[in-house]
Each structure stands twice: as C-alpha cells, then as structure tokens.
Amino acid sequence: MKRLETDILVIGGGATGTGIAWDAALRGFRVVLVEKRDLTHGTTGRYHGLLHSGGRYVVKDPQSAVECIQENRTLRKTHAHCIEDTSGFFVVTPADEGEYPDKFVAACQQTGVPCEEISVDAARKREPLMNPRASRVFQVPDGSADSFQATHSTAQAAQQAGARILTYHEVLQLLVETNRVVGARVRDVMHDEDVEIRAAMTLNASGAWAGLIAQTAGLRVDVIPGKGVMLAMNHRLINTVLNRCKMPDDGDIIVPIHTVAVIGTTDERVPHPENLSIEPWEVELLLNEGDKLIPGISRARVVRAWAGVRPLYQEHFTGASRDATRGLTLLDHQARDGMSGLLTIIGGKWTTFRLMAEITLNKVCEQLGTRKPCITATTPVPGAEHGHYWLGHRLAEVEENHLQSELVCECELVTRAMLENAARNNPTFTLDDLRRDLRLGMGPCQGGFCTYRAAGIVHELTVNSQQLTVNSEQANVWNVANLQSPSRNQSPNSNLQPPTSNPNLLLRDFLQERWKGLTPILWGRQLKQERLDELIYLALMNADHLPDENLSSPMSDFYTQTGAAEVKHD
C-alpha cells in the first residue's frame with residue numbers, strides 16, 4: 001500500500017476544503033487534500049452562484065448576515081476574477097406586502113449590510129422585465145460568483161504554497177489509534193490503489209458527507225441535508241440579482257450567472273446527500289414563484305434542473321431544513337467526543353468559505369501548540385489581478401483575436417486550444433470535468449453540438465499521443481487563472497501529458513450524466529431541443545451502440561446511478 005505523511009489532511013475538494021488547504025499551506029504546514037471526485041463535484045458546484053450580501057439573512061439569521069457582508073468585501077479583493085459585480089435588488093412584489101420591508105431595512109442597518117431604497121422606475125430602467133407592480137425596491141451589494149473558477153484558483157494558490165491536491169481519492173476509513181485520528185485510508189479510484197495518509201490533524205470539510213466520514217471513526221455528526229432544486233433558463237433574462245423582500249422561502253431569488261439566469265431554490269430535508277430526485281411539484285413551484293419577480297418567466301425555456309445539498313448543522317435540531325441556521329459550525333471532536341486529531345467544519349455558505357477555513361486553522365494551531373497567523377484575507381489568488389469578470393469578456397476576446405474558427409462550444413465560446421490545454425493538464429479528466437473547468441456544454445444546447453466535437457478532439461490527441469513529449473510534472477504549473485480565457489489559450493501546449501481516457505467512454509458517461517438534469521423539464525421548446533439532440537446522437541451517430549459495452553471507468557457507476565425523475569407537464 002502506498003503511504004504518505006503530512007501535517008494536515010483535508011477531506012473535501014469544495015470551496016471550504018480548498019480554502020483550508022490554502023490557509024494551512026500559507027501558514028507553513030505540509031498539506032494533503034483528498035477529494036473523491038473532481039474539485040467542486042459536490043455542493044460547491046451545485047449552487048445558484050450568489051455572492052451573498054447578507055441581505056437574505058438580516059432578519060432571520062443576523063450572525064450569518066454579518067459574516068456574509070464581511071466576506072463579500074474580502075472575496076471581491078482576493079477572488080475578484082471569480083465574481084461579477086451585478087448588485088442585487090430586494091423587491092416588494094404584490095405578494096410581499098406587510099411589515100417585512102421595514103424590518104428588512106432596520107435589520108440591514110443593525111448588521112452592517114449596505115441597503116439603499118431606490119424608485120421602482122429606476123429599478124425597472126435597469127431590469128425592464130421586473131414585475132411592474134412592485135411597490136418598493138432596495139439595492140444591496142449582491143453579486144454572482146463562478147464557484148468552479150474560484151475553487152480552481154484557490155487550489156492553485158494552495159499548490160503554489162506547497163499543498164498536494166489529490167482528486168479522485170475517496171476516503172474509505174479514518175485511522176484511529178488510542179482515541180486519536182491519525183489520518184485516513186483512501187482509495188485512488190483512477191489507479192485502483194489504496195493509499196494510507198497519516199497526519200497530525202485531519203480536517204473533515206466534506207460538507208453534506210461529513211457525517212458519513214465521521215461515522216468511520218465511530219463518531220456521530222448529525223448533518224441536516226437540505227436539498228435545493230434550481231432551474232437554469234435559456235437566456236440571461238436579468239443582469240441584477242433579484243430577491244423577494246420577505247423571509248427566505250422557496251423560489252424567491254433569480255441569479256444572472258454567465259449566459260443564463262437561475263431560479264432558486266427549494267429546501268427540503270433529505271435522508272442522504274446522493275441520488276437526489278427532482279419532483280414535478282418542485283419544478284412547477286419554482287416557475288410559479290419566479291413569475292412573481294419576472295412575470296412570464298415560466299413560459300421561457302428551461303434548459304436544465306439540478307439539485308444540491310446544503311450541509312446544514314444545528315446541534316439537536318429536528319425541524320425542517322428551511323428553519324435550520326445557515327451559520328458555520330466547527331466541531332472539536334477532542335472536546336466533544338474525546339477523540340483528538342480531528343475537526344469537522346460544517347454549515348456556512350460559499351460566501352463564507354474563507355472565514356470557515358480561518359476559524360478551522362486557528363483551532364488547528366491551538367491544538368498543535370503553535371501560533372501562525374492567517375493571511376488569506378489579504379492574499380489574492382492567481383488571476384485576481386484581472387478584476388471582476390463580465391458577461392461579454394469571452395466574445396470580446398474571440399472577436400479581437402479572430403478565434404471564431406476555433407470554437408468548439410458556440411454557446412459558451414470554448415475554443416479548441418482551451419479544451420486541449422484543460423484536457424492535457426487534467427490527465428484524470430472526464431468530459432464532465434471539462435464542463436466544470438470551461439463551461440463546455442452549459443449553454444442553451446446543453447452539449448448537443450459541442451460534446452461530440454470534444455470527444456473527437458480527445459480521440460485525435462489520444463491517437464497522436466506517441467508524437468508528443470510527455471512531461472506530466474508540467475501539469476502542476478497549469479495556470480488556472482486563464483483557463484476560461486480564449487485569448488490566453490490561443491495555442492495548445494503540446495509539451496504536456498496527452499489524455500489517456502477512452503473517447504467513447506467519455507462520450508457515453510457525459511451524455512448519461514447530462515440526461516439526469518433534462519428529464520424533469522421535457523416539455524415545450526426544451527423537448528424539441530432534446531429531440532434534435534437525440535436525433536444527432538442516436539439516429540445519426542448511433543451513440544447507443546458505441547464499442548464501449550465492456551468498458552467502464554471509476555466514474556461509470558456514478559453516472560449510471562438513478563437520476564432525476566421525469567416530469568409530466570401540460
């Protein structure tokens with residue numbers, strides 16, 4: 001069995017886990033992070049993309065609101081290129097009249113969340129599709145965030161500081177010796193090999209899976225897994241985050257994120273963070289509630305439905321997940337359970353991931369008897385120097401550099417060089433990895449046209465691999481700050497490791513995965529689009545008879561798990 005030794009083992013490759021690895025490495029610790037799939041595969045890659053101002057929590061959860069606005073200001077500096085400065089409106093629709101708007105204004109003042117009431121006419125001038133019957137509008141510093149880019153950038157910052165990031169390494173068992181966790185036994189799923197990682201401290205940052213990880217050491221952590229369903233519309237219908245001005249509830253927010261607008265979310269307690277189904281009533285509820293912010297949005301085309309799980313935590317809480325706190329919690333298992341060497345960080349939001357890491361590492365230093373200050377609040381990650389991203393930046397780069405003929409994905413403007421560099425720098429990649437890296441297949445066609453092109457390019461790289469100079473160590477210098485920039489990827493780096501994946505297998509697994517989010521919304525124009533995709537892949541390309549029947553990958557089992565339920569819609 002392969003063995004590694006480190007100061008700190010981090011479990012979880014989402015925002016919090018990579019944030020912890022970054023903080024720990026900057027403090028001078030040796031760090032190994034393990035993630036069972038790709039970075040952001042879990043909750044981080046499945047949320048609506050809101051950079052919270054704290055406005056949603058000022059009345060119900062003021063401590064969370066304070067944390068959000070403080071971290072909002074910090075992330076705008078440390079992760080500037082991962083944030084679009086959209087601003088946000090809290091809108092009083094005819095369904096939201098009452099005392100809440102005045103309570104909201106007072107709570108904003110008490111928690112330090114900037115809030116300015118503007119006229120409905122001024123708001124409608126910026127957002128003409130907003131409900132014309134709104135009576136009041138409050139502006140707050142919300143934003144939209146690219147959690148995929150942010151996590152990549154944080155991971156690269158951690159690597160530059162000395163951390164090792166091991167994706168596709170699944171924890172099998174925490175190692176316990178005399179009431180102390182001394183590391184974990186993990187499975188390298190790509191190479192089918194067990195690895196024993198011994199560490200002075202093990203940090204459980206696995207989100208909704210934290211209870212399952214703790215259970216392997218005989219510990220009980222009662223995560224409150226709250227499922228949130230979201231819908232992506234085929235156009236970016238707004239440029240400002242729209243919130244209903246009322247207590248947080250289902251379907252009360254619409255977020256502009258890159259080329260689409262996302263209606264979110266529901267909140268339903270579920271028994272397990274895997275195998276989430278999306279029910280017909282959830283889709284219809286979101287569309288009906290979305291109509292109250294943008295009348296008619298329910299008649300627009302929905303391109304996708306998906307669900308993530310909030311890793312909520314509130315000791316001894318037994319109620320609905322909607323009522324559980326959104327605050328963060330650090331569990332010191334030495335004080336709580338008599339088990340040293342292990343901390344669990346849980347709860348919070350994407351906006352507060354850096355703060356969660358800082359609090360966790362402060363406790364680590366305390367337990368290891370050392371004092372090393374946190375510097376992440378004042379240390380920009382690679383790429384932050386570019387400033388906030390904006391919707392048209394890819395189009396401007398493509399046109400300025402005449403890259404139109406290189407496009408693989410017209411919806412998201414992904415060029416061939418971007419795809420090749422991402423594939424070469426991620427030798428354990430799947431096409432779903434490229435989706436997260438580049439937004440390949442995330443636009444209106446949902447991979448209908450770009451997926452087979454990507455599979456063909458991967459095939460070419462694989463066939464020509466003998467002609468390439470292989471140097472896998474260079475993968476570590478992949479500059480993720482530029483991975484979404486067409487102009488900074490004008491030529492592929494042929495000196496890097498070519499992909500080794502089977503293109504037929506990649507195509508099959510990707511189509512299987514994307515299908516899960518389409519089945520709940522098959523009606524109207526989306527049904528027509530899916531029929532076109534079906535004809536391309538099954539009738540023209542015969543994709544269901546690819547020579548892959550006896551092939552499997554560590555990801556195949558995951559992709560073939562039961563996905564979303566079908567929805568009947570009149």
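Reader: In this predicted model, which residues does Leu-242 touch, not counting residues up to four places away in sequence?
Author: Leu-242 belongs to the residues with the most contacts inside the largest nonpolar core, where Phe-89, Met-130 and Ile-254 are also listed. Setting aside residues up to four places away in sequence, the residues that Leu-242 touches are Phe-89, Val-91, Met-130, Asp-252, Ile-253, Ile-254, Leu-293 and Ile-294.

Reader: How many residues has the largest nonpolar core, and which helices and strands each supply at least two residues of this core?
Author: The largest nonpolar core has 33 residues, and those with the most contacts inside it include Leu-231, Ile-263 and Leu-287. The elements that each supply at least two of its residues are strand 5 (88-92), helix 4 (120-126), strand 13 (224-233), strand 16 (260-264), helix 7 (280-293) and strand 18 (302-312).

Reader: How many residues has the other core that lies apart from it?
Author: Ala-25, Phe-29, Met-201 and Leu-361 are among the residues of this other core. Its number of residues is 29.

Reader: Is Asp-291 buried, partly exposed or exposed?
Author: Asp-291 lies in helix 7, and its relative accessibility is 21%. Buried would require under 20% and exposed over 50%. Because its value is 21%, Asp-291 counts as partly exposed.

Reader: Which backbone nitrogen does the side chain of Asp-291 reach, and at what distance?
Author: Leaving aside neighbours within four places in sequence, Asp-291 is in contact with Gly-296, Ile-297 and Ser-298. The backbone nitrogen reached by the side chain of Asp-291 is that of Gly-296, at 3.0 Å.

Reader: Which strands stand at the edges of the open sheet formed by three strands?
Author: The order of this open sheet is 3-8-4, with antiparallel pairing, and strand 4 is joined to strand 8 (residues 143-145) by two bridges. Glu-84 stands opposite Ser-144 in strand 8. Each edge strand has a single partner strand, so one side of each is left without a neighbour in the sheet; these are strand 3 (50-51) and strand 4 (83-84).

Reader: At what angle do helix 12 and helix 14 pack, and how do the residues of their contact divide?
Author: The axes of helix 12 (residues 431-438) and helix 14 (residues 503-518) are 8 Å apart, and the helices pack at an angle of about 65°. From helix 12, Leu-431, Asp-432 and Arg-435 meet Leu-506, Leu-507, Phe-510, Glu-513 and Arg-514 in helix 14. The residues of this contact divide into four nonpolar, no polar and four charged.

Technical notes:
Residues are numbered from 1 along each chain as its sequence is written. This is a predicted model: local features need pLDDT of at least 70, side-chain atom pairs count only at pLDDT 80 or more; totals for chains, interfaces and linings use all residues. Side-chain values use heavy atoms; hydrogens and water are left out. Axes are lines fitted to C-alpha atoms, for helices over the stretch in contact, and angles run from 0 to 180 degrees between N-to-C directions. Helices (H or I, at least four residues) and strands (E, at least two) are DSSP runs, numbered from the N terminus. Contact means heavy atoms within 4.5 Å. Ala, Val, Leu, Ile, Met, Phe, Trp, Tyr, Cys and Pro count as nonpolar, Asp, Glu, Lys and Arg as charged, and the others, Gly among them, as polar. Two strands pair if DSSP finds at least two bridges between them. A nonpolar core is a set of buried Ala, Val, Leu, Ile, Met, Phe, Trp, Tyr and Cys residues joined through side-chain atoms within 4.5 Å. Buried means under 20% relative accessible area, exposed over 50%, partly exposed in between (1.4 Å probe, protein chains only). A polar contact is a pair of N or O atoms within 3.5 Å; within protein, one must be able to donate a hydrogen and the other to accept it, and residues adjacent in sequence count only if both atoms are side-chain atoms.
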